[in-house]
Amino acid sequence: MGFKSTFLTVVLAVLVPLLYDRGNVLFLFWKNAPHRLARVNTFDSYEIKFSDRIRSCEDALLVESHGIAILGCDPGREKWNTVMGIFLPEPVESGKIYIFDYKNAGASDDEALRQVQFVDFKFESDYHSLGMAYDESSSTLFVASHRHDFPAIEMFKLDLEAYTATHLRSIQHPLVHGPNSIVLLNDHELLVTNNNYFLVRDYPILNKLETNLGLPGGSVVHVDISPVLKDPSASVQATIVTRLAFPNGIELLNDTTVVISSSSRTKVYFFSLSRDGDASSSPKLTPTSSFTVPLSPDNLSVSKDGALLIAGHPHIPSLGKFASSRHVCNSPDELAKADADTREACATLSAPSWAARWTEAGGLETLYVDVEYPSSATAARDSERKVGIIAGLYAKGVLVWRE
């Protein structure tokens with residue numbers, strides 16, 4: 001009798017938090033349905049820019065010293081999305097990098113947005129960007145790219161004056177099997193999130209179970225590229241420093257605090273960052289706190305005033321339908337061949353956006369909730385110029401707000 005009682009207690013201790021957590025997520029599926037979602041807009045003014053030139057821009061990095069944003073856009077995501085499980089036949093359009101000069105509000109669109117030209121990049125035709133990180137001191141851009149052969153973190157020398165990105169090397173490692181977001185610790189150390197242990201491309205059923213049950217299979221990997229910088233024939237060093245359920249965005253809140261979003265748990269986690277005396281050792285991440293958000297958080301950013309910006313998806317079922325239809329809806333040829341139901345879906349489907357700001361003093365503050373600009377993946381803000389950008393995973397253009 002004692003054994004049965006102890007066993008039941010252990011089972012309940014495991015299941016109750018899991019069921020409670022999953023119940024909260026399922027409740028958001030009802031509460032945040034597009035027809036039920038409460039709209040919020042706190043911006044003094046905003047506009048959706050460049051909708052006729054760019055689409056599917058997952059990440060936006062602000063280089064505030066120049067008043068510009070680096071935009072990573074991949075229209076090929078409509079047919080090749082290794083996170084959401086969209087694998088349609090080729091040809092698949094390749095991704096591109098753009099520079100948006102946001103400091104001059106009066107500039108024309110042609111002046112404000114410039115495409116970056118790749119130099120010496122042999123994988124240009126199979127470049128599919130997710131998260132990015134930029135080391136301004138060395139002008140080095142790191143981009144997670146999900147190539148068809150094996151994902152890589154591509155390193156570029158970025159010339160902001162000439163609008164060129166010269167390819168330096170591809171960083172690959174078995175532990176970096178599905179890189180999503182990147183944060184730099186310095187010019188040779190990175191923390192990289194892998195959303196899942198089971199990749200949807202290889203294990204579709206197990207991937208769905210891992211994601212939908214909120215199991216902590218995803219990883220955060222410390223990558224040290226210093227051996228490669230000294231000897232191009234050497235290998236990078238990589239170590240898993242923590243596991244979470246669907247870790248997505250990652251940022252440094254300060255020198256000793258790492259913030260990671262969990263899309264499947266609808267949480268944002270804080271970790272203390274430390275080392276065990278040896279500067280060459282992998283850092284240690286120790287969980288300290290977390291808070292729940294009313295959405296599946298995607299990318300994170302930190303503004304100069306110390307605020308944490310969070311963007312993501314309040315209604316995952318709508319995002320899935322929206323994403324799977326874009327290869328038809330954004331192709332005039334495919335749309336012309338589509339049946340009436342598909343054309344109606346293209347005209348009516350929406351994927352709500354949600355952007356918020358968190359500070360230790362003020363907590364979580366919602367900035368924008370709407371379907372006008374869909375599928376928000378990144379929110380970033382220049383706190384000195386009081387300009388912000390929302391980039392959408394499957395949106396046309398970017399939303400720019402001014403305060």
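Which residues of helix H3 (residues 204-212) are buried? They are Asn207, Glu210 and Thr211, where buried means under 20% relative accessible area and exposed over 50%, with partly exposed in between (1.4 Å probe, protein chains only). These residues lie on the same side of H3 because they cover an arc of only 95° around the axis, the arc being that of the directions from the helix axis to the C-beta atoms. Ile205 and Asn212, on the other side of H3, are exposed.

The model is predicted, so local features need pLDDT of at least 70 and side-chain atom pairs count only at pLDDT 80 or more, while totals for chains, interfaces and linings use all residues. Residues are numbered from 1 along each chain as its sequence is written, and side-chain values use heavy atoms, with hydrogens and water left out. Helices (H or I, at least four residues) and strands (E, at least two) are DSSP runs numbered from the N terminus.

**Disulfides**

A disulfide is a pair of cysteine sulfur atoms within 2.5 Å; by this rule the count is 2. In sequence order of the bonded cysteines, the pairing is 1-2, 3-4.

| Pair | Sulfur atoms apart |
|---|---|
| Cys57 and Cys73 | 2.0 Å |
| Cys329 and Cys346 | 2.0 Å |

The link of Cys57 and Cys73 is right-handed, with 95° about the S-S bond. This pair links distant parts of the chain, with Cys57 in strand E3 (residues 57-63) and Cys73 in strand E4 (residues 68-73), 16 residues apart. Both Cys57 and Cys73 are buried.

The disulfide of Cys329 and Cys346 is left-handed because its S-S torsion is about -85°. Cys329 lies in helix H5 and Cys346 in helix H7, 17 residues apart. Cys329 is buried at a relative accessible area of 13%, and Cys346 counts as buried at 18%.

**Helix H5**

H5 (residues 316-329) has 14 residues and reaches 19 Å from its first C-alpha to its last, close to the 20 Å expected (1.5 Å times one less than its number of residues). H5 bends by about 25° at Ala323, the bend being the angle between axes fitted to the seven residues ending there and the seven starting there. Among the buried residues of H5 are Leu319, Phe322, Ala323 and Cys329.

**Sheet**

An open sheet of 5 strands has the order E1-E25-E24-E23-E22, with antiparallel pairing; two strands pair if DSSP finds at least two bridges between them. Strand E1 (40-41) and strand E22 (296-302) are the edge strands.
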